[in-house]
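Thanks for making the time; I would like to walk through a few local features of one model, and I will give the cut-offs as we go. Please have the sequence and the structure open while I talk.

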Amino acid sequence: MSLTALAPIEPRRRRKDRIMRGVLVGGTVIALIPLVLVIYYLLHKGLGSWSASFFTTDPSGSFFGNPGGIRSAIFGTLEIVALASLISIPIGIGVALYLTEYGRDSRFAGVIRYFVDVMTGVPSIVFGLFIYISLVVSHVGGSFTAWKGAVALSLLMLPIVVRGSEVVLLLVPSSLREAALALGAPRWRVITRVVLPTALPGLVTGSLLAIARGMGETAPLLFTVSTAFGLTGNLGAQMNTLPTQIFSDITNPRDVVVARAWGAGLALVALVLILNLAARAIARRSVA
Amino acid sequence: VESSATPAPGGRSVLERSPASRLPDRILKWGLTTLAALILAVLAYFFIRLIGQSRGAFSSFGLSFVFGNDWDPSRNIYHGFALLFGTLVTSVIALVVGVPVAISAALYLTELCPRRLRAPLSGLVDLLAAVPSVVYGLWGVFVLAPKLLPVEKWLASTFSAIPFVGGTPALYNYFIAGLVLAIMILPIVSAIAREVMATVPSEHKEAALALGATRWEMIRIAVLPYARPGITGGAMLGLGRALGETIAVVVLIGDAPVVGHSIFTQGYSLAAVIANEFGEAASTPTHSSALFAAGLVLFVLTLLVNIVARRYITRGQRGRRGTGGTGLAVVATHAGGGE
């Protein structure tokens, strides 16, 4: 009886193993090709249209001559997303706190969790329709306005904030909560002084991801903000945004306008990627 | 301890807080509960309003709104089967192309990949979700569609025996829209598959390897059966995304309200028709009602798909430790796309 008596793996099985490993590697490579191609073409076609005037002029809107830049689109996106964040992040963290600190395993908390999950699957165009029906058609403070777009975006950011926050709030050790409670702290102090500070990096990560998501959305804005050309700080007016401008530029027959779409696309992806990378950097540090 | 529990003035134990100091606690508790309840109320309100707005289309066209095939705003007739057809065909193409790639990537990243490469490579796959759908649309229109046209022509002539393949490919068609959708659903399907595969007990895998299984055999007999419900759920979440995607589809599907005879012909989808015709429809009540009804059909469709997906995913998680489950995967892949 020696260990060498183990039979070697038959060639047929070994060959199949090799082939399947190759298939899995191939799948991974195929999955990464689109990312490389999209970023390559964005840089290749978008960088050329980047210039100082590209970022300092507004789209002219005229069919001839200089099409103008993307200043109003960048500012519009930042304004609308900022307002959407102001709405969705406090509400989202509040709901997550309810789920982890009060609701826990209760039936009602289960229902909330379920519908928040369902909300993540609702197409963003449907959120746009919701706001269009309830706020635009009924002319609540004007027809198409920037703040309505922010409300639509906050609806689709909300479930991301809730689920992201809930996951990190659950990671706060219950021994910390119990220690604070045993020292006689009331619940609200435990939440504000122990739970929230401990979970802060994770909460920031989830919020940044939600902001990144909201920033790239086009469909809800079409139904709520409509379009504009000029720069405005008035959230009660129509506004230009990066996604809607790219969308209208795609269908434009002029090459200069299409070039602007590439430049704007590169700017949008850069903004979203910066938010994503920041979120990941914070998440990594909080784990370590 | 006993002595300190003697009643204080007012009949309270000294260990008990005064009603005044308990007030902030009550306020916070009921405030947060109301906030949570408010979400349900708002969702219900929107749903009811959407039904109300689309009633006009359903009362004029009945079931033929969904199953009739004649969408013609110039004659004010809205039978939207071609739209539903386009939504389903592009989503099926997205699943057929995207899911196998997503699963192979997930298997490679969890089972074969060197440990050091695992996190960066997974991060790169997740980054696909960070690209906004309008950028996928831009790239699809000016790069993918023109570059793939010769390939589509070759596919159409070589595989013309297969039903729904053949004819002369149009520049924008179901196939190209489905292909971009496949790219867009890849990160979520892959992230959920990865998360489920990571929960496969190492005892199962080690047992398979100890019995002399090769890596692939271990994957086939230990990993895949265990992870199947979760993978199915992830694929269905991807399907939900594909069904509702608007902007990339509207520029790539060709915007022709007909039921195509091949995947290389122009078509239309529910979401695309809403985005495209919404401006002109505002002046015609029947038309706008038809678009709301299209939105309602889309909403109900994605809702059903998502509910089934959740069921699979929770079944896959039953009996396992930890809450949240796919929460992180969903969050990580929500940073873009899925529009």
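Let me begin with burial: a residue is called buried under 20% relative accessible area, exposed over 50%, and partly exposed in between, with a 1.4 Å probe and protein chains only. The areas themselves come from the Shrake-Rupley method with a 1.4 Å probe, and for residues only the protein chains shown count as cover. This is a predicted model, in which local features need pLDDT of at least 70 and side-chain atom pairs count only at pLDDT 80 or more, while totals for chains, interfaces and linings use all residues. Residues are numbered from 1 along each chain as its sequence is written, chains are lettered from A and ligands numbered from 1 in the order in which they are written, and side-chain values use heavy atoms, with hydrogens and water left out.

With that scale, Val29(A) counts as partly exposed because its relative accessibility is 45%. Val29(A) sits in helix α1 of chain A, where helices are DSSP runs of H or I with at least four residues, numbered from the N terminus. Together with Val25(A), Ile30(A), Ile33(A) and Leu37(A), Val29(A) makes up a nonpolar surface patch with about 370 Å² of accessible area. Patch members have over 30% relative accessible area and no salt bridge, nonpolar side chains (Val, Leu, Ile, Met, Phe, Trp, Tyr) being joined within 5 Å and like charges within 9 Å; a salt bridge is a side-chain nitrogen of Lys or Arg within 4 Å of a carboxyl oxygen of Asp or Glu.

What, then, forms the positive surface patch? Its members are Arg12(A), Arg15(A), Lys16(A) and Arg220(B), where Lys and Arg count as positive, Asp and Glu as negative, and His and the chain ends are not counted. Each charge is placed at NZ of Lys, CZ of Arg, CG of Asp or CD of Glu. Helix α1 of chain A, residues 11–46, contributes the most, with three residues, and Arg15(A) is exposed because its relative accessibility is 52%.

Turning to chain B, Gly178(B) lies in helix α6, residues 174–198, and is buried because its relative accessible area is 0%.

Finally, backbone angles. Phe164(B), in the loop between α5 (133–158) and α6 of chain B, has a positive phi of about 70° although it is not a glycine.

Methods:
Helices (H or I, at least four residues) and strands (E, at least two) are DSSP runs, numbered from the N terminus.
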